[in-house]
Amino acid sequence: MREVLRKLSSRKLWTALAGIAAGLALAFGLDQEAVASTAGAVVSVISVVTYIVTEGRIDAAAVKTAIEDVQEAVEEVTSIEPD
């Protein structure tokens, strides 16, 4: 499931899909300006959402590492026997 989510968050995938949709829209005679605007908006929104999600995952991993480091330090301090 994670692999599918990772692939769905790919900007390359969404850019390709927007390109296909734009090509089909032009082939069926839709207004070129409207198609270009819509495709640009879709790619921009997907890029921003992907960036936000990716940064959130990176931040979550950093917090997890920090918590583990603090727990290790606490264990080391509490395991020291007094003289």
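Helix 3 in its chain

Reply: Buried residues (under 20% relative accessible area with a 1.4 Å probe, protein chains only) make up 7% of the 83 residues in the protein chain. This is a predicted model, in which local features need pLDDT of at least 70, side-chain atom pairs count only at pLDDT 80 or more, and totals for chains, interfaces and linings use all residues. Residues are numbered from 1 along each chain as its sequence is written, and side-chain values use heavy atoms, with hydrogens and water left out.

The part to look at is helix 3, residues 32–79. Helices here are DSSP runs of H or I with at least four residues, strands are runs of E with at least two, and both are numbered from the N terminus. The protein chain has three helices and zero strands, in the order α-α-α from the N terminus on.

Along its principal axes, the C-alpha trace of the whole protein chain spans about 85 × 20 × 10 Å.

Within helix 3, the buried residues are Val35, Ile46 and Thr50. Their cover includes helix 2 (11–27), where contact means heavy atoms within 4.5 Å. Ile46 and Thr50 are both on that buried list. An α-helix has 3.6 residues a turn, so residues three or four places apart point the same way.

Technical notes
Buried < 20%, exposed > 50% of the residue type's maximum accessible area, 1.4 Å probe, protein only. Expected span 1.5 Å × (residues − 1).
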